[in-house]
Amino acid sequence: MDLTSAVLLLAAGLAAGTVNAVAGGGSLITFPAMIAVGLPPVAANVSNSVAVFPGYAASVAGSRMDLPRGRSLAALVPTTVLGTIGGALLLLATPARAFEVAVPFLVLGATAVLAFQDPLRRLVGHPRDLSPRRRTVTVQAMVALGAVYGGYFGAALGVMLVAGLALVLDATLARVTAIKNLLSAVVGLTTVVVFSLFGPVNWAAVAVVAPATLLGGYVGARLVRRLPPVVLKTLIVVFGTVIGLYLLWRALG
């Protein structure tokens, strides 16, 4: 790897870590960067999934004060791990074209759910009005879908998790974002294990990107705590829309 490639990956990792903590979708920065330095698409996707994990972990550290206490959060971890394993194995075992076409619509749909959260809540019912059993099942289902997506591709995972969780949790957006950071870190750790064992990881690229995402993730998580909810929501919706349209152009191009 030459100096120019290393500098490009370093800058991409720093930006991606910050974006992942604030809105999600940082992989849409590091993935193209890895393609640009010459990695094949599958190797770039796998290496990117491994490299962004430190940024997710740093985001958890930066937003830990907003995490809820109790067993309800711990109960989401097994679902996240199993869903991620399923998505990662799907990536390694099947052609990517069909899912590549579906991904933009998933991202745009998730962004629309967040943008129109209040009307949707009036339609499906506010989380506080649901029975505890139904609320638990709904949250687990949202997390499972997000984890499968994260194991398969991962870009815009944060947007999808925030959109889904904000719809089914009676919590502030800052708290939802903190939960998103934790679940994203679990997804990241799981993909590190699976892809390290079975995937074509380019460890040189990982060694450059991973430390940069660590710093960017912590800075981004601290920034989230200072943003008003309406500003944070607007940032996530705008970024999610841009990502979705980019993925759609890329899939159909």
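**Pocket, cavity and nonpolar surface patch**

The largest pocket holds about 380 Å³ of space. Ser-72, Leu-73, Arg-135, Val-139 and Leu-169 are the closest to its centre among the 15 residues that line it. The structure is a predicted model. A search of the whole structure also finds one cavity of 30 Å³ or more, and a nonpolar surface patch of about 770 Å² is present.

**Largest pocket**

- Two or more lining residues come from each of α5 (71-74), α9 (132-152) and α11.
- Helix α9 gives the most to this lining, with five residues.
- The lining of the largest pocket comprises nine nonpolar, three polar and three charged residues.

**Largest cavity**

- The largest cavity contains about 70 Å³ of space.
- Its lining is made by Ser-27, Asn-48, Ser-49, Val-52, Tyr-56, Gly-150, Phe-153, Gly-154, Leu-157, Val-187, Gly-188 and Thr-191.
- By class, five lining residues of the largest cavity are nonpolar and seven are polar, with no charged residues.

**Nonpolar surface patch**

- The patch is formed by Leu-82, Ile-85, Leu-89, Leu-92, Leu-189, Val-193, Leu-197 and Phe-198.
- At least two patch residues come from each of α6 (76-93) and α11 (173-198).
- Leu-189, one of the patch residues, lies in helix α11.
- Leu-189 has a relative accessible area of 45% and is therefore partly exposed.

Note on methods. Residues are numbered from 1 along each chain as its sequence is written. This is a predicted model: local features need pLDDT of at least 70, side-chain atom pairs count only at pLDDT 80 or more; totals for chains, interfaces and linings use all residues. Side-chain values use heavy atoms; hydrogens and water are left out. Patches are made of residues with over 30% relative accessible area and no salt bridge: like charges are joined within 9 Å, nonpolar side chains (Val, Leu, Ile, Met, Phe, Trp, Tyr) within 5 Å. Accessible areas come from the Shrake-Rupley method with a 1.4 Å probe; for residues, only the protein chains shown count as cover. A salt bridge is a side-chain nitrogen of Lys or Arg within 4 Å of a carboxyl oxygen of Asp or Glu. Helices (H or I, at least four residues) and strands (E, at least two) are DSSP runs, numbered from the N terminus. Buried means under 20% relative accessible area, exposed over 50%, partly exposed in between (1.4 Å probe, protein chains only). On a 1 Å grid over the protein atoms alone, a cavity is a set of points where a 1.4 Å probe fits but cannot get out, and a pocket is an open set with protein on both sides within 12 Å along at least five of seven lines; lining residues have an atom within 4 Å of a point. Grid points are joined across faces, edges and corners, and a volume is the space filled by probe spheres set on the points. Ala, Val, Leu, Ile, Met, Phe, Trp, Tyr, Cys and Pro count as nonpolar, Asp, Glu, Lys and Arg as charged, and the others, Gly among them, as polar.
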